[in-house]
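Hi there,

Here is the structure I promised to pass on to you. Have a look at it first, and then read my notes below.

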Amino acid sequence: MLRDGVKAMIKYYHGDHVILTLVCLLWVFIFTTINSADDIPEQKVIQLETDCRQFFSLWQILFPNSITPYIHIITHHSGFLLRKYGSIGRFSQQGFEFANRNHKQITRHGTSKGGGRTKKKQPFN
């Protein structure tokens, strides 16, 4: 079952630009649910699975040959993972990736590898 706002858009509009808008709206619903560190109640998991099925169907219309492993895992396995662990957001890599960015800056600017000084920026660097 589609969310009311998504249903209304499908009813009154058609075309790729509308499908893309729907995909983006569904992604917001999906992302906010799976990114939460709090336990997700069963009713939200059921809604997530519905949103994921709809997202996947619309994604296939727009990008028929672009089903990445990430899209597959999110759309087909999120419900199972939420039921098993309560939350997927707890396993986020955001903190690790931010730390990696800081380590790159230290390597670039604080070691002899980066020269130890700020150099004139090169285009596209």
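**What I found**

F31 is partly exposed, with a relative accessible area of 34%; buried here means under 20% relative accessible area, exposed over 50%, and partly exposed in between (1.4 Å probe, protein chains only). W27 also counts as partly exposed, at 30% relative accessibility.

Before I go on, a word on the model: it is a predicted one, where local features need pLDDT of at least 70 and side-chain atom pairs count only at pLDDT 80 or more, while totals for chains, interfaces and linings use all residues. Residues are numbered from 1 along each chain as its sequence is written, and side-chain values use heavy atoms, leaving out hydrogens and water.

**The overall layout**

The protein chain holds five helices and zero strands, where helices (H or I, at least four residues) and strands (E, at least two) are DSSP runs numbered from the N terminus. Of its 125 residues, 25% count as buried. Taking contact as heavy atoms within 4.5 Å, 60% of the contacts between residues at least 6 apart in sequence join residues at least 24 apart.

**The aromatic rings**

Rings of Phe, Tyr and Trp (its six-membered ring) pair if their centres lie within 6.5 Å; planes under 30 degrees apart count as stacked, over 60 as edge-to-face and the rest as tilted. By this rule there are four aromatic pairs. One of them joins W27 and F31, a tilted pair at 6.1 Å centre to centre with 35° between the planes. Both residues lie in helix α2 (residues 16-34), four residues apart, about one turn of the helix.

W27 forms a tilted pair with F55 as well, at 5.7 Å centre to centre and 40° between the planes. This pair links distant parts of the chain, with W27 in helix α2 and F55 in helix α3 (residues 42-62), 28 residues apart. Is F55 buried or exposed? At 2% relative accessibility, F55 counts as buried. Ring pairs link W27, F31, F55, W59 and F63 into a cluster.

Leaving aside neighbours within four places in sequence, F55 is in contact with V23, L26, W27, I30, I71 and T75. The C-alpha atoms of F55 and V23 are separated by 5.7 Å, although the two are 32 residues apart along the chain.

**Helix α3 and its partners**

α3 has 21 residues and reaches 30 Å from its first C-alpha to its last, close to the 30 Å expected at 1.5 Å a residue (the expected span is 1.5 Å times one less than the number of residues). Its buried residues, among them V45, L48, C52, F55, F56 and W59, pack against α2 and α4.

The axes of α3 and helix α4 (residues 69-85) come within 9 Å and cross at roughly 170°; axes are lines fitted to C-alpha atoms, for helices over the stretch in contact, and angles run from 0 to 180 degrees between N-to-C directions. The two helices are therefore roughly antiparallel to each other (angles under 35 degrees count as roughly parallel, over 145 as roughly antiparallel, 65 to 115 as roughly perpendicular and the rest as oblique). The contact includes F55, F56 and W59 of α3 and I71, I74 and F80 of α4.

Best wishes
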